[in-house]
Amino acid sequence: MCGIVGYAGEKNNAWEVLLKGLKRLEYRGYDSCGIAIESSKGELFLDRVKGRVEALSEKISNKKYKNISAGIAHTRWATHGVPNEENAHPHTDCDGSIVIVHNGIIENYIEIKNELKDHNFKSDTDTEVIVHLIEDNIKKLNKGGKSNRLEMLHPIFFQAFLNTLNKLKGSFAIAVIWNKVPGVILAARRFSPLVIGKGEGENFLSSDVAGFLEYTNNVYFMDDDEIAFIDKNNIVFFDFNGKKKNKDIKKIDWDIKMAEKGGYKHFMLKEIHEQEMGFENTIARRVLPVGEYILNKEINLTIEEIKNFSSIQFIACGTAYHAAYVGKYLFEKLGIKSDIDLASEFPQRAKIIDKKALVIAISQSGETADTLEAIRSAKKNGNKIFAITNTVGSTISRESDYVIYTHCGPEIAVASTKAFTAQLAALYVLALHFSYIKGNLLITKAREFAEELLEIPKLIKKTLECEEYVKEIVDKFEDRNDYLFIARGINYPIALEGALKLKEISYLHAEGYAAGEMKHGPIAIISDGMPVVAIATTQTELDLIKGNIEETKARGGKVIAIADEDSKKFIRPDFYIKIPKVSEYFAPVLTVIPLQLFAYYTALKRGRDIDKPRNLAKSVTVR
Ligand code: M6R
């Protein structure tokens, strides 16, 4: 995973620019970090720490950098080598004149290391081989380092970089500086995200736009096997044969305030409260109040194509997988056959998927390696790919045939909340659109669906009123370490999501189960005082879950029910979190909210690092 940033320009406070960028990328990894600053005279200053960007910031706070020409920095999520200072990036060649930061995994690093026997390796990382290989290639091209003329060194640096890239196997987003050619950053990408920001007399690079959004929103999204030459005035792109490429610049409409906490203690709490906005923005202009749909103009998917696909195949990971799971129930309720796979499990069965199935891939970041691999295997099988993502220009958006964006703004907390409900919003729009075109939903029903969909943002706000009560419930369970979440039907994925949320930020044991499975095993773990969260919104769900509730209570368990106002007469839980009444389709958007708050306040009570939980990273770009 990891985050990288780079700056080419003369700002005296370039190191602050880089640290700010790193701070915004910390969601990608945060076990160690480092920075390298280069002066126009070729001096290099390098600092690294085990720990967070704050520690790095403290370490370099007294340093005075002068005549700055470029800098690169890195925040790490360890894959090869334990998190310590030696393994933190940037890494250098033998004499410390070439400096590199890298996100990804070099698969053939052992072979390369074996070939570079006379080099002095200082870390256990795969990354370090890249910088030594560049050093080696420079030596070969420069015949032992004879030339010192800048006009000679530029092409040598570039050619050495190119030769190096062509030898690497695996994934990488790389930025390199060499103190013999001050002010130049060479960057390249294969499978790991990399974006370049164009400024005035200064240019930027980052793993995602949040790394430099404060300074520019004019962005180039790099594709696989592309190189960027960057200095303060130029950004030039090449392919891996060294041939120049033209690329279009894009304007990003996120503003930096969206990537700040805005008075909330944590990004996660802020993002939970932004769900009304995220949902509203995602359906806006896609569902007109009269119940007409203008999606066709946006996605370029013809009526014929929609009529022709045989079924839907969902693929996603983590929380996005739970959104997809709701999608499966939803599409099937609207008469469209659907299947779902965890993206990491999908490639092995991609070949047997009906070629006429439309594959819907869901990913907040648009960079998740497992989802990307699943997409590639489905494409190989001949399927069309439809992406739902929050990140404009992301790899998944570019590798898919069709894409619609969720518009909930940048999601910074590692635990996904507003992206989830925005993904549901996108799924409602699609389900409505597809089932109407396929003739499964008649115009009057379609209008009713659309009208109710337009009401959901208000109901999200109303549901959030349960926050204080959720806090009270959390207090009652402060000594409990095991939690069970149960539900049926379209709310079943919400039980899974409730358990995932609690696990990832509170580190407690939590399981999500289909309520019908309780008596087939999980009921054995119920003991005195154990919290069981039961979600039910339809009459059928209530009729069936009431048995689970009574069975739990009979064994001493404590039941927290999440249900709508009308359900009180059917169930007798110990705690009762009410959500507004909606039709079955829309219940998951509301039932998930108390569970997000439940996870948040449980983690808060236990003093966890909520926005950056241990061992996790937001964007999982390794498989
Ligand atoms: O960026 P993506 O939506 O593809 O990410 C998928 C999962 O890694 C992500 O949802 C993860 O499970 C979150 N930490 C859940 O809160």
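This is a predicted model: local features need pLDDT of at least 70, side-chain atom pairs count only at pLDDT 80 or more; totals for chains, interfaces and linings use all residues.
Domain 1 (3–260) and domain 2 (268–605) both contribute residues to the lining of the largest pocket, so this pocket lies between the two domains.

**The largest pocket**

- The volume of the largest pocket is about 590 Å³, and of the 39 residues that line this pocket, Val209, Trp254, Asn390, Thr391 and Val392 are the closest to its centre.
- When the lining residues of the largest pocket are sorted by class, 17 are nonpolar, twelve are polar and ten are charged.

**The second largest pocket**

- The second largest pocket holds about 500 Å³ of space, and among the 25 residues of its lining, those closest to the centre are Gly318, Thr319, Ala617, Lys618 and Val620.
- Two or more lining residues of the second largest pocket come from each of the elements α10 (318–333), β18 (358–363), α11 (369–380) and α16 (492–506), and the largest share, three residues, is supplied by α10.
- The lining of the second largest pocket is made up of eleven nonpolar, ten polar and four charged residues.

**The ligand and its surroundings**

- There are 14 residues around the ligand, and those that come nearest are Ser363, Gln364, Ser365, Thr368 and Glu504.

**The cavities**

- Two cavities of 30 Å³ or more are found in the structure, and the largest cavity contains about 90 Å³ of space.
- The largest cavity is lined by 14 residues, of which Cys2, Arg76, Thr79, His89 and Gly104 are the closest to its centre, and the strands β4 (68–76) and β6 (98–106) each supply at least two residues of the lining.
- By class, the lining of the largest cavity consists of four nonpolar, eight polar and two charged residues.
- The second largest cavity has about 30 Å³ of space, and its lining includes Val17, Lys20, Phe212 and Ile256.
- The lining of the second largest cavity divides into six nonpolar, two polar and three charged residues.

How values were computed
Residues are numbered from 1 along each chain as its sequence is written. Side-chain values use heavy atoms; hydrogens and water are left out. On a 1 Å grid over the protein atoms alone, a cavity is a set of points where a 1.4 Å probe fits but cannot get out, and a pocket is an open set with protein on both sides within 12 Å along at least five of seven lines; lining residues have an atom within 4 Å of a point. Grid points are joined across faces, edges and corners, and a volume is the space filled by probe spheres set on the points. Ala, Val, Leu, Ile, Met, Phe, Trp, Tyr, Cys and Pro count as nonpolar, Asp, Glu, Lys and Arg as charged, and the others, Gly among them, as polar. Domain bounds come from an automatic or database domain assignment. Helices (H or I, at least four residues) and strands (E, at least two) are DSSP runs, numbered from the N terminus. A residue is near a molecule or strand if one of its heavy atoms lies within 4 Å of it.
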